[in-house]
Amino acid sequence: MSPPLLGVEGGGHVNAPLMSSSASVDCITQSGSGLKERNYLGLSDCSSVDSSAVSNMSEENKNNLNLKATELRLGLPGSRSPERDSDFTLLSSGKLDEKQLFPLLPSKDGICSLMQKSVISGNKRGFSDTVDGFSEIKSSVFTEGKWMFNATGSDSGTPQSVVEAKLAGNAGINVILSNNSSGSQPSMKKELPTRTLQEGHNKINGSNNNNSAPAAKAQVVGWPPIRSFRKNTLATTLKTNDEVDGKPVPGALFVKVSMDGAPYLRKVDLRTYSTYQELSSALEKMFMCFTIRQCGSQEAPGREMLGENKFKDLVHGSDYVLTFEDKDGDWMLVGDVPWEMFIESCKRLKIMKGSDAIGLAPRATEKPKNQN
Amino acid sequence: MQTDPNGPNPKKSKDSPSNSANTESTQSPSPFPDEVLEKVLSFLNSDKDRSSVSLVCKDWYNAERWTRTKLFIGNCYSVSPEIVARRFTKIKSVTLKGKPRFSDFNLVPQNWGADVHYWLLMFANVYPFLEELRLKRMTISDESLELLATSFPGFRALSLMSCDGFSTDGLKAIATHCRSLTELDIQDVDMDDFCGGWLSCFPEDFGSLEVLNFATLDSEVNFDALERLVSQCKSLRVLKVNKTITLDQLQRLLLRAPQLMELGTGSFQQELLPGQFGDLGIAFSNCKNLRTLSGLWEVASIYFPVLYVACASLTFLNLNYTALRSDEFGSLLAHCPNLRRLWVLDTVEDKGLEAVGSSCPLLEELRVFPADPYDQHLRRGVTESGFVAVSRGCRKLHYVLYFCWQMTNAAVATIVQNCPNFTHFRLCIMNPGRPDYLTNEPMDEAFGAVVKNCTKLQRLSMSGLLTDLTFEYIGKYAKNLETLSVAFAGSSDRGMQCVLEGCPKLRKLEIRDCPFGNAALLSGLEKYETMRSLWMSSCNVTINACQRLAREMPRLNVEVMKDKESDDSRADKVYVYRSVAGPRRDAPPFVLTL
């Protein structure tokens, strides 16, 4: 096996083996709710914030949905249990609108849970889906990376998306079954919520169209079975051919981010940011744990803030500098050119130690202008 | 190279004498000198034949191994570099396949293995005359590419399909050092494309390329370097450029390479002046040998007429990244009467497929890919009627890959009635577990019809709501089946058991999200030794059962990967394969070898 390379410039980039991520994985388990989180994504950055929010969600889940029917089980199509049978009858008897079977929207209380588009975390492909039902939250980000981390979940501070990501995993089919049952039941009992759900869905679909296509849709890991190259290409192709207002909307633009001293790299989608400020904050959060060496455990919120400050000091002090490699292969300091131009030419990012970056620009040791 | 514990009966090669060589255990000399035997055997190319020959007797085993020049290893872990090095001495061409196929769909974590480096080190030692390396689903680093480029002076052909781990830096090494390179073919890879400068690394006088495929790379290459390369490589027959190449650039390339047989265009969308349009038409018409056309990234169909002349002789049209409407597609297709293979996006819809049925009577292979595989609400794309329409017009169809949102048992029955010669039937109904949308019944009868009617079926991929009945049908009828892919299907262990018991030629079985458990897994003990591999993920198998399998069948490697947070006893992903090399030594920590 190739030896791990830690963001070294030049040469081939072989992703460092990320087994070490297992050490820093959060285990947020919900014992009482029947929700099983599958956290094999190595969610190193989502820490304390999520646990309380998650438990809130599960409570409300119970209120809104038939718990039994939405309980995640390892039942698969064809395996029958009494409740399932009734669900299947509902399926076959009705002219059930497909939309009800796969609701892609928050329930009326704005909870994204089982009824949510199931966010599936693949081993390669990370998927953090933030629904626009939450106004403060920015739109969904499709995190594709060799090892995916739900950093974007914590970026936007949405506990729901974190839970979704954890729910999914290889239990994709389970979520779908739950969707079936939860979808069909409202149709039998309550007309109104269903309709609201539909409208909500349409809105969400509309707004999500501004983002990379896969982010808006329900997904099971590795299904349908199409190769990564096709997935990536289609995101771009379709937007080009499909646009309504004549302005092509480009797909995702993922670049690797390495940091000196970090055991593994990350990937970010540059199109999800519109300013250097946003990118900088996102990167701070992603790499915070490497500088602090305290990631991976559930801590009180206070500690996180402490961590942030420390990181900021490090980054904005003289220790670290953000650089990028452009199309010509040159390493440049981030922040000099307009954002649009930067996106066009950036091939990869590196968080360098200030001392290494001296050659890049004299002001590497000063406070960069894109500061909060 | 096949490890065939239950190998096929020793077959008499047509070049062999009748009986005297069949006395395997005696030390009696061959009726003719070794050199003659070796000369005769050197005509054998097929791996299966060579395998048979090697089982006849010791002399033949040796003669075969000294004359084998092409090595095919379908599972890189089924054998080790050391074993290969000991057995074969004159290898010039190697094909290696690594990861399980489901790694294409993100079901296998990164750094799982299948790194070619250790193999390359052995090749550098033992096969200095290596000329060809073809890798599928292997990891290859830039360091390995550098090693490859510098260790084999006669190296000619590199083909990387679905590989990962390298970057354009590695390609630079290949271009710089491989003076006799004839083939550079990169497809579906997961690589870092830092810049297009690698193409400029070919020496100025370089002229040996026959195949150049960089269609899936993103970066712009130096066009002058490319143009020079194309003019100098007089034997260039396959050229597939990436989407940064514009139409007028393409025209210049075509002028330099009218001998091309396979062309992958760049972007087909630039604004052309009338003169340029005419020139492009002429350039295409000059290519009298064009058989395959692909690329057509971002297409403006008004430019299709430039292709019409070339289309007349096309046998393979690959539009799988081209979003065409049914009308544009139909008008293009009208000029392609000789198509044998067609790959399209489902944006052409059923109407487009009807055009296929009427325009392409010689069609043998059809692949319809989804343009929007995740949006089940929009439900665009093709339906069962498109497929039926094709089957009506294209009676020679034997290979199909079809992605759709809905299907019926009746439609499939009609299709296989029209086309009973299917060898590869891969149907993907994109929402898992979906029944026949008209009758709401499971899709059992559909696949039942497939296996009953298509006796030559070698490969089957299933989808939709399926019960054990489907598997009973498969076990009963699919006697030539070699590869089976199952997802979200079946009702009980019995399903998998039927297949394991009933399909004598089964080599690869891949299963995901099915209710098959330990009883099913353990019903196939000896069977697995006759197969290349078994993959089971998200089923109901426990680690204990896997351990038992490993204990009882020492010549199988049983590897388990667990999802974090899943319960301790579950074997979330199981990969079982036969091997003469024992458990692999490079398994990462997340792979448990039992």
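A:Phe229 is buried, and B:Tyr321 is buried as well, in what is a predicted model. The points below take up aromatic rings, charges over rings, and cysteines.

**Aromatic rings**
- Over all chains, the count of aromatic pairs comes to 30.
- In the pair of A:Phe229 and B:Tyr321, the ring centres are 5.5 Å apart and the planes stand at 90 degrees, so the pair is edge-to-face.
- One aromatic cluster is formed in chain B by B:Tyr77, B:Phe102, B:Phe105, B:Trp112, B:Trp535, B:Tyr575 and B:Tyr577.

**Charges over rings**
- B:Tyr77, a member of that cluster, has B:Arg584 lying over its face, at 4.5 Å from the ring centre.
- The ring of B:Phe316 has the charged end of B:Arg341 over it, 4.0 Å from the ring's centre.

**Cysteines**
- The count of disulfides over all chains comes to 0.
- B:Cys404 is in no disulfide, and the nearest cysteine sulfur, which belongs to B:Cys428, is 7.5 Å away; with 1% relative accessibility, B:Cys404 counts as buried.
- For B:Cys419, the closest cysteine sulfur is that of B:Cys394, and because the distance is 7.3 Å, the two are too far apart for a bond.
- B:Cys419 is also buried, its relative accessible area being 0%.

Technical notes
Residues are numbered from 1 along each chain as its sequence is written. Chains are lettered from A and ligands numbered from 1 in the order in which they are written. This is a predicted model: local features need pLDDT of at least 70, side-chain atom pairs count only at pLDDT 80 or more; totals for chains, interfaces and linings use all residues. Side-chain values use heavy atoms; hydrogens and water are left out. Rings of Phe, Tyr and Trp (its six-membered ring) pair if their centres lie within 6.5 Å; planes under 30 degrees apart count as stacked, over 60 as edge-to-face and the rest as tilted. Buried means under 20% relative accessible area, exposed over 50%, partly exposed in between (1.4 Å probe, protein chains only). A charge sits over a ring if NZ of Lys or CZ of Arg is within 6 Å of the ring centre and within 35 degrees of the ring normal. A disulfide is a pair of cysteine sulfur atoms within 2.5 Å.
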